[in-house]
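Biologist: I have not seen this structure before. Please take me through it by question and answer.

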Amino acid sequence: MSLPVFLHPGPFAGEVTLAGPEGRHAVAVKRIQPGEQIMLIDGRGAFAEATVTATTGKTQLLAQVDRSGVEKRPRPAVTVVQALPKAERSELAVDLATQAGADEIVPWQAQRCVAKWTGPKLAKGVAKWETTALAAAKQSRRTFIPIIHDPVNTAELAQLIAGRPALVLHEDSAVALSTVDLDVEDLVLIIGPEGGIGPEEVAELTAAGAQAVRLGPEVLRTASAAMVALSAIGVLSSRW
């Protein structure tokens, strides 16, 4: 059985203290007791398996590190560019992409997005995605927590992908994802909105160097497309 995971800034050696929100979650919510084992991650690849030695109140515990290490990032590292879904599917898209191994996630304000992140909504939206990514990373026992970037528009996205391998999922493409060379260091995976990527946007992104590809015979919802594509990339490359 896998160990419960908690975020800790590190370093991982000797006796460590887990406090703050993570300490409260461990002691008050998970009810971790002395003698139990936990897993600590710093979100950047370092991890430790540790045995709890004591708890203090409902907000803190002490643990002795039994084993620690640092995992390498998978190759290729995948940055998911996710067109903003409707509110009820926004966090779901991030949750699923994180479970499937996204290394970075960039919110995209595509032309056909119903959701609009403007004013106070921008910071609130990024914060929600960061919280969702953290929870999903811990649940899926990841040592890396995806970096959540500020949102970009299509012109900014074109600049972001310039000179980088980038794939745009597009149902009308004649190129299957399974035929793409994935022997690269990093890859940008672009997911369109529910209404599909507009032809002008496809033209702008392909002009910037992106390649339009077809994931499969089905047309997926925007919230699940990244997870399915990351799974395919995992099998087709050395990520898995």
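Biologist: How are α2 and α6 directed relative to each other, roughly parallel or roughly antiparallel?

Modeller: This is a predicted model. In it, α2 and α6 pack at an angle of about 5°, with their axes 7 Å apart. Angles under 35 degrees count as roughly parallel. Therefore the two helices, α2 and α6, are roughly parallel.

Biologist: Which residues of α6 meet α2?

Modeller: From α2, the contact takes in Arg-89, Leu-92, Ala-93, Leu-96, Ala-97 and Gln-99. The residues of this contact divide into eight nonpolar, two polar and one charged. On the α6 side they are Ala-223, Ser-224, Ala-226, Met-227 and Leu-230.

Biologist: What is the handedness of the crossing of α2 and α3?

Modeller: Helix α2 covers residues 87–99 and helix α3 covers residues 120–139, and they pack at about 35° with axes 8 Å apart. Ser-90, Glu-91, Val-94, Asp-95 and Thr-98 of α2 make the contact with α3 residues, among them Lys-128, Trp-129 and Thr-132. The crossing of α2 and α3 is right-handed.

Biologist: Which strands stand at the edges of the sheet?

Modeller: The sheet is open, with six strands in the order β8-β7-β6-β10-β9-β11 and parallel pairing. Each edge strand has a single partner strand, so one side of it is left without a neighbour in the sheet. The strands at the edges are β8 (147–148) and β11.

Biologist: Which strands does α6 touch, and what angle does its direction make with that of β10?

Modeller: Helix α6 packs on the sheet. The strands it touches are β6, β9 and β10. The direction of α6 makes an angle with that of β10 of about 150°.

Biologist: How many bridges join β9 to β10?

Modeller: Strand β9 spans residues 166–169 and runs parallel to β10. Within β9, Ala-166 stands opposite Val-188 in β10. The number of bridges joining β9 to β10 is three.

Biologist: Over how many bridges do β6 and β10 pair?

Modeller: Strand β6, residues 77–83, pairs with β10 in the parallel sense. Ala-77 has Asp-186 as its bridge partner in β10, and Val-80 stands opposite Leu-189. The pairing of β6 with β10 extends over six bridges.

Biologist: How many of the six residues of β10 are buried?

Modeller: Strand β10 comprises residues 186–191 and is mostly covered. Of its six residues, the number buried is five.

Biologist: Is Thr-79 buried or exposed?

Modeller: Thr-79 is found in strand β6. Leaving out residues up to four places away in sequence, Thr-79 touches Glu-104, Val-106, Arg-164, Leu-187, Val-188 and Leu-189. Its relative accessible area is 7%, and the cut-off for buried is under 20%. Thr-79 is therefore buried.

Biologist: Does Pro-217 count as buried or exposed?

Modeller: Pro-217 is placed in the loop between β11 (211–213) and α6 (222–236). Its relative accessibility is 75%, and exposed means over 50%. Pro-217 therefore counts as exposed.

Biologist: How far apart in space are Pro-217 and Ala-176, C-alpha to C-alpha?

Modeller: In sequence, Pro-217 and Ala-176 are 41 residues apart. In space, the C-alpha to C-alpha distance between Pro-217 and Ala-176 is 9.8 Å.

Definitions and conventions
Residues numbered from 1 in each chain as written. Predicted model: local features only at pLDDT ≥ 70, side-chain atom pairs only at ≥ 80, totals over all residues. Heavy atoms only, no water. Helix = DSSP H or I, 4+ residues; strand = E, 2+ residues; numbered from the N terminus. Buried < 20%, exposed > 50% of the residue type's maximum accessible area, 1.4 Å probe, protein only. Pairing = 2+ DSSP bridges. Axes fitted to C-alpha atoms, helices over the stretch in contact; angles between N-to-C directions. Left-handed = near helix turned anticlockwise from the far one by under 90°. Contact = heavy atoms within 4.5 Å. Parallel < 35°, antiparallel > 145°, perpendicular 65-115°, else oblique. Nonpolar A, V, L, I, M, F, W, Y, C, P; charged D, E, K, R; others polar.
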